[in-house]
Amino acid sequence: MPDGYHYADGEPLKNTADVLDLIGDAWGSGARWVAVPIERLPADFFKLSTGVAGEITQKFANYRIGLAIVGDTTRHAAASDAVRAWMIEANRGEHLWFVRDEAELAARLAARR
C-alpha cells in the first residue's frame, strides 16, 4: 500500500519494545507510515533533553517508516521554543510529521503522490 499508514491506537508506549512492535505491525502490513495518537506518547516525549523523542523517532528512521504524531501539539509548542522549532523543521521533512488529525495526514500523503 504505497504511502499507506497504520493507525496505532492503544495503550501508552512505555518502552523501546512497544515502539518496535509498532514498527513491526507497520512493516507486516506494508504501511510506510505509522500514525500515533499524541496520547500514546511517553510523558517526557516533548522534553527534548530526556532523549525519548530522539530514541523513538530514530527507530522509525532506521526502518524507513514515517512517523506521524496525531493530535493537538499546541501546548507543547507553546511551552518550549526548542520543541516548537523541532516540530516546524520536522514538518518540512519526509520522516516525522505533527498533524492535527488523520484527515491532515491523509492529505499530506496524497500530496506526495
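Arg112 is partly exposed in this predicted model, with a relative accessible area of 32%. Its side chain meets that of Glu94 in a salt bridge, with N and O 3.0 Å apart. This pair links distant parts of the chain, because Arg112 sits in helix 5 while Glu94 belongs to the loop between helix 4 and strand 4, 18 residues away. Glu94 is partly exposed too, as its relative accessibility is 44%.

**Salt bridges**

- The count for this model comes to four salt bridges.
- Side chains of opposite charge can pair when their charged atoms come close.
- One of the salt bridges joins the side chains of Glu89 and Arg92, at 3.2 Å from N to O.
- Glu89 and Arg92 both lie in helix 4 (residues 81-92), and because they are three residues apart there, about one helical turn separates them.
- Arg92 counts as exposed because its relative accessibility is 62%, whereas Glu89, at 49%, counts as partly exposed.
- Another salt bridge connects Arg100 with Glu104, where the closest N and O atoms are 3.4 Å apart.

**Helix 5 and its two faces**

- Helix 5 covers residues 102-112, and its buried residues include Glu104, Leu105 and Leu109.
- Why do these three lie on the same side of helix 5? They cover an arc of only 130 degrees around the axis, and therefore share one side of the helix.
- On the face turned away from that buried side, you will find the exposed residues Ala103 and Ala111.
- The buried residues of helix 5 are covered by elements including strand 1, strand 2 (33-37), strand 3 (66-70) and strand 4 (96-99).
- Helix 5 lies across strands 1, 2, 3 and 4, and runs at about 135 degrees to strand 4.

- Four strands form an open sheet in the order 1-2-3-4, and their pairing is parallel.
- Strand 1 and strand 4 stand at the edges with a single partner strand each, so one side of each has no neighbour in the sheet.
- On average, neighbouring strands of this sheet are turned by 20 degrees against each other, ignoring direction.
- Strand 3 and strand 4 pair in the parallel sense over four bridges.
- Which residue of strand 4 is the bridge partner of Ala68? That partner is Trp97.

**Tyr7 on strand 1**

- Tyr7 is found in strand 1, which covers residues 5-7.
- With a relative accessibility of 29%, Tyr7 counts as partly exposed.
- Beyond its neighbours within four places in sequence, Tyr7 is in contact with Ala35, Pro37, Val70 and Glu102.
- Tyr7 and Ala68 are 61 residues apart in sequence, yet their C-alpha atoms are 9.3 Å apart in space.

Note on methods:
Residues are numbered from 1 along each chain as its sequence is written. This is a predicted model: local features need pLDDT of at least 70, side-chain atom pairs count only at pLDDT 80 or more; totals for chains, interfaces and linings use all residues. Side-chain values use heavy atoms; hydrogens and water are left out. Buried means under 20% relative accessible area, exposed over 50%, partly exposed in between (1.4 Å probe, protein chains only). Contact means heavy atoms within 4.5 Å. The arc is that of the directions from the helix axis to the C-beta atoms. Two strands pair if DSSP finds at least two bridges between them. Axes are lines fitted to C-alpha atoms, for helices over the stretch in contact, and angles run from 0 to 180 degrees between N-to-C directions.
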